[in-house]
Amino acid sequence: MKKILFAASECVPFIKTGGLADVAGALPKEFDKNEWDVRVVMPNYECIKAQYKEQMEDVAHFYTGVGHLMPNEYVGIKTLELNGIKYYFIDNESMFGGAKPYTDPYGDIRKFVYFCKAVLSILPSIDFKPDVIHCHDWQTGLIPVYLKNEFAGSEFYQGIKSVMTIHNLKFQGVWDIETMKGLSGMPDWLFTDDKLECNGNANMLKGGMVYADMVTTVSETYAEEIKTWEYGEGLDGLLRARSNDLVGIVNGIDYDEWNPATDSTIFYNYSADDFRKKKFKNKEALQKELGLPVDKKKYMIGVVSRLTDQKGFDLISYMMDYIADEDTQLVIVGTGDPQYEDMFRYYESLWPERISANIKYSDELAHKVYAACDAFLMPSRFEPCGLSQLISLRYGTAPIVRETGGLKDTVAPLDETNNTGNGFSFAPYDARDMLKIINYSKEIFFNKKAVWNKVAERAMKSDFSWKASTKKYEALYNNLLETAEEEAVEEVVEETVEAPVEEAVEAVEE
């Protein structure tokens, strides 16, 4: 049985603030349980729902020193099993209390330095020695560093490999070196420019990238983009140096949760076989619910997103007068920068028959938008993977995206000549290019309905479930395990050869 431990700061269904939680929650369930024993460790946040807290069982507790700023910290271990996966929760109320999983940046760094040390410290207590520890984002960046340094002298930890997955390179866990030394207990020599130091500070994600056996990110295109100055967030040099150990694997989505044929939150269920007759009923029902004119002939564009520059809302803001014409309805669900929240509220007040600005996050409304809309707009400045375009494909809602990161890897632009493509895309980060492709999608919708329906059908038949991605992770883990076996054999050979030599030297000396 091959043993894998996922270490993550969030995981559905316990805590979710972003796509990382979906990966940590969905991917472990996809592995063949006859071959793989995949478990997950995360913080025991106070804000985890009571229904899960009540199921947790105590395993053990102890105290450990981290650095001189955290000399004696409580480490509790709780566990529960859900959907065939065993979860472990690091329990420390002073670290993980509060109404939200993340608080201020420096407080978060402190608790995740502690978390990294605790993840390795609990392994003997839970009687689980993983073959691979799969670390997710900067919050787990020090695990590979501890593993190959402070914990390397213990026989229990020898042979454990680590994978560092970058979900979003923009967030790195940066603090000044002296404070990080005091928190982590790591020696001076680890804080050099070839290890944890970056631009005069200590960088947790960089540490993980340096010491992990493999580095992955969440799409093939993003893996190439982050090796450039434009997308590398100051770490492009290191990523180029580790390019032989850098792999891009596109995320999937849970095809049970996101299934228009069975989704209980949408108005009418449909499938790739009958969407032509049923999907528009969701549009009419949503129009009625949101107070928009009920008209199936309107071109409805959906947006479910954080309202930030990263997601391309500066482009949308620049072109709103042209996007929301008299034949188009735009439905927005999300929160974010006040300037974009206010912008959508303004246009809703100006054109209430065209714009529905839902400045909130509602999972139920999001499902309805994916099912009801004709197209989904996602013109991101950068997008490591993206989940919204995968969901819109699943619901036959044609994504309109910029060709970056996972958007480029998952959305194939319509090619009318060859009758291919599951959506629409543009390349330059330019508002005029975005508007041009939106207008092209409108032309197809209004004037070439057979072509449009084929785009929707191909979208629904695209497979971005976790099954394909799981096969790639299995290959990655197997490669690491083969490397570990080869290293173990080499070590035995070296010891066998060295022993007679040492004996001969001792005999000569005598």
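A salt bridge here is a side-chain nitrogen of Lys or Arg within 4 Å of a carboxyl oxygen of Asp or Glu. By that rule the count in this structure comes to 32 salt bridges. Please keep in mind that this is a predicted model, in which local features need pLDDT of at least 70 and side-chain atom pairs count only at pLDDT 80 or more, while totals for chains, interfaces and linings use all residues. Residues are numbered from 1 along each chain as its sequence is written, and side-chain values use heavy atoms, with hydrogens and water left out.

**Salt bridges around Asp-213**

- The side chains of Asp-213 and Lys-161 meet in a salt bridge, at 3.8 Å from N to O.
- Asp-213 lies in the loop between α8 and β11 and Lys-161 in strand β7, so this pair ties together parts that are 52 residues apart in sequence. Helices (H or I, at least four residues) and strands (E, at least two) are DSSP runs, numbered from the N terminus.
- Asp-213 also forms a salt bridge with Lys-148, at 2.9 Å from N to O. This pair links distant parts of the chain, 65 residues apart, with Lys-148 in the loop between α6 and β7.
- How accessible are these partners? Asp-213 counts as buried at 15% relative accessibility, and Lys-161 counts as buried at 6%, whereas Lys-148 is partly exposed with 37%. The cut-offs are under 20% relative accessible area for buried, over 50% for exposed, and partly exposed in between (1.4 Å probe, protein chains only).

**Other charged pairs**

- Glu-150 and Lys-117 join their side chains in a salt bridge of 3.0 Å, N to O. Glu-150 sits in the loop between α6 (142-147) and β7 (161-166), and Lys-117 in helix α4, 33 residues apart.
- Within that pair, Lys-117 counts as buried at 4% relative accessibility, while Glu-150 is partly exposed at 44%.
- A network of salt bridges links Arg-276, Lys-454, Glu-457 and Lys-461.

**The sheet**

- Nine strands make an open sheet with mixed pairing, in the order β3-β4-β5-β2-β1-β6-β7-β11-β12. Two strands pair if DSSP finds at least two bridges between them.
- At the edges are β3 (57-64) and β12 (246-248), each pairing on one side only.
- On average, neighbouring strands of this sheet are turned by 25° against each other, direction ignored.
- β7 and β11 pair in the parallel sense over four bridges, and Met-164 has Val-215 in β11 as its bridge partner.
- Helix α8 lies across β7 and β11, running at about 135° to β7. Axes are lines fitted to C-alpha atoms, for helices over the stretch in contact, and angles run from 0 to 180 degrees between N-to-C directions.

**Nonpolar cores**

- The largest nonpolar core has 95 residues, and Phe-14 and Val-113 have the most contacts inside it. Such a core is a set of buried Ala, Val, Leu, Ile, Met, Phe, Trp, Tyr and Cys residues joined through side-chain atoms within 4.5 Å.
- Helix α4 (residues 105-121) gives the most to this core, with nine residues.
- Leaving aside neighbours within four places in sequence, Phe-14 is in contact (heavy atoms within 4.5 Å) with residues including Met-42, Tyr-52, Leu-82 and Phe-89.
- Another core, of 36 residues, lies apart from the largest one, and Phe-313, Ala-324, Trp-351 and Ile-437 are among its members.

**Asp-104**

- Asp-104 is in the loop between α3 (93-96) and α4, and counts as partly exposed at 40% relative accessibility.
- Asp-104 and Ile-323 are 37 Å apart in space, C-alpha to C-alpha, and 219 residues apart in sequence.
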